[in-house]
Amino acid sequence: MAEQLQSAIESSMQKTNEMLRDIEQAYGWPKAQRNQSYCALRTVLHLLRDRMPVQESVQFAAQLPVVVRGIYFDGWKPMDVPVKLNRDDFLLEVRQRFPYDVEGGPERVVQVVLDTLRRHVTQGEWQDVKGTMPKDMARMIP
């Protein structure tokens with residue numbers, strides 16, 4: 001049992017690190033900037049989570065690695081969702097929550113993280129997530 005737990009944790013850490021590396025590679029950041037990639041992932045995950053209905057949010061989270069799922073659910077208040085955000089509101093929230101000045105601004109942060117997430121969930125689930133978004137936000141989602 002302990003071996004299974006260790007294997008599951010190691011696998012989740014490996015997948016989490018792959019996601020963070022994907023973000024870093026998109027920006028050309030060295031691993032030393034892992035805090036920035038983590039903050040980008042966390043910021044977009046939380047805003048996406050809070051924009052979705054509870055049931056869809058839970059279904060999406062089920063496909064994330066355990067470590068990322070913990071980040072995703074950290075501080076979540078299901079009774080307060082979905083939060084009505086249009087594209088401009090979403091980008092403004094990213095700008096406020098992501099304290100780093102990066103090339104392309106919040107639009108690029110969102111695009112990089114969404115591209116990364118899309119590669120780590122099934123196409124069907126990704127389409128379900130996209131389907132819960134208002135049209136202006138759905139156009140941002142790859």
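Predicted model: local features only at pLDDT ≥ 70, side-chain atom pairs only at ≥ 80, totals over all residues.
User: What separates the C-alpha atoms of glutamate 56 and aspartate 128?
Analyst: Not counting residues up to four places away in sequence, glutamate 56 touches Glu125, Asp128, Val129 and Thr132. Glutamate 56 and aspartate 128 are 72 residues apart along the chain, yet their C-alpha atoms are separated by 7.5 Å.

User: How are H3 and H4 arranged, roughly parallel or roughly antiparallel?
Analyst: Two packed helices are described by the angle between their axes and the distance between the axes. For helix H3 (residues 54-61) and helix H4 (residues 66-73), the axes come within 10 Å and cross at roughly 155°. Angles over 145 degrees count as roughly antiparallel. The crossing of H3 and H4 therefore makes them roughly antiparallel.

User: How many residues of the contact of H3 with H4 are nonpolar?
Analyst: On the H3 side the contact is made by Ser57, Val58, Phe60 and Ala61, and on the H4 side by Arg69, Tyr72 and Phe73. Among the residues of this contact, 1 is polar and 1 is charged, while the nonpolar ones number 5.

User: Which residues have the most contacts inside the largest nonpolar core?
Analyst: This core has 39 residues. At least two of its residues come from each of helix H1 (2-27), helix H2 (34-51), H3, H4, helix H5 (87-97), H6, helix H7 (123-131) and helix H8 (135-138). H2 gives the most, with 7 residues. Inside the core, the residues with the most contacts are Leu41, Leu45, Phe60 and Leu117.

User: What is phenylalanine 60 in contact with, leaving aside its neighbours within four places in sequence?
Analyst: Phenylalanine 60 is one of the residues with the most contacts inside the largest nonpolar core, and it is also part of the contact between H3 and H4. Setting those sequence neighbours aside, its partners are Leu45, Leu48, Met52, Tyr72, Leu117, Val121, Glu125, Trp126 and Val129.

User: How many of the 18 residues of H2 are buried?
Analyst: H2 reaches 26 Å from its first C-alpha to its last, close to the 26 Å expected at 1.5 Å a residue. H2 is largely enclosed by the rest of the structure, because its buried residues number 15 of the 18.

User: Which residues make the contact between H2 and H6?
Analyst: The axes of H2 and H6 come within 9 Å and cross at roughly 80°, which means H2 is roughly perpendicular to H6. The residues of this contact divide into 10 nonpolar, no polar and no charged. They are Ala40, Leu41, Val44, Leu45 and Leu48 of H2, with Val109, Val110, Val113, Leu114 and Leu117 of H6.

User: Which residues of H6 are buried?
Analyst: H6 (residues 105-118) has 14 residues, which should span 20 Å at 1.5 Å a residue, and its end C-alpha atoms agree at 20 Å apart. The buried residues in this helix are Pro106, Val109, Val110, Val112, Val113, Leu114, Thr116 and Leu117.

User: Which residues does alanine 26 touch, not counting residues up to four places away in sequence?
Analyst: Alanine 26 lies in helix H1. Its relative accessibility is 34%, so alanine 26 counts as partly exposed. With those sequence neighbours not counted, alanine 26 touches Arg108 and Val112.

User: Is the peptide bond from valine 81 to proline 82 cis or trans?
Analyst: Proline 82 is in the loop between H4 and H5. For the bond from valine 81 to proline 82, omega is near 0°, and the bond is cis.

Technical notes. Residues numbered from 1 in each chain as written. Heavy atoms only, no water. Axes fitted to C-alpha atoms, helices over the stretch in contact; angles between N-to-C directions. Helix = DSSP H or I, 4+ residues; strand = E, 2+ residues; numbered from the N terminus. Parallel < 35°, antiparallel > 145°, perpendicular 65-115°, else oblique. Contact = heavy atoms within 4.5 Å. Nonpolar A, V, L, I, M, F, W, Y, C, P; charged D, E, K, R; others polar. Expected span 1.5 Å × (residues − 1). Buried < 20%, exposed > 50% of the residue type's maximum accessible area, 1.4 Å probe, protein only. Core = buried A, V, L, I, M, F, W, Y, C linked by side-chain atoms within 4.5 Å.
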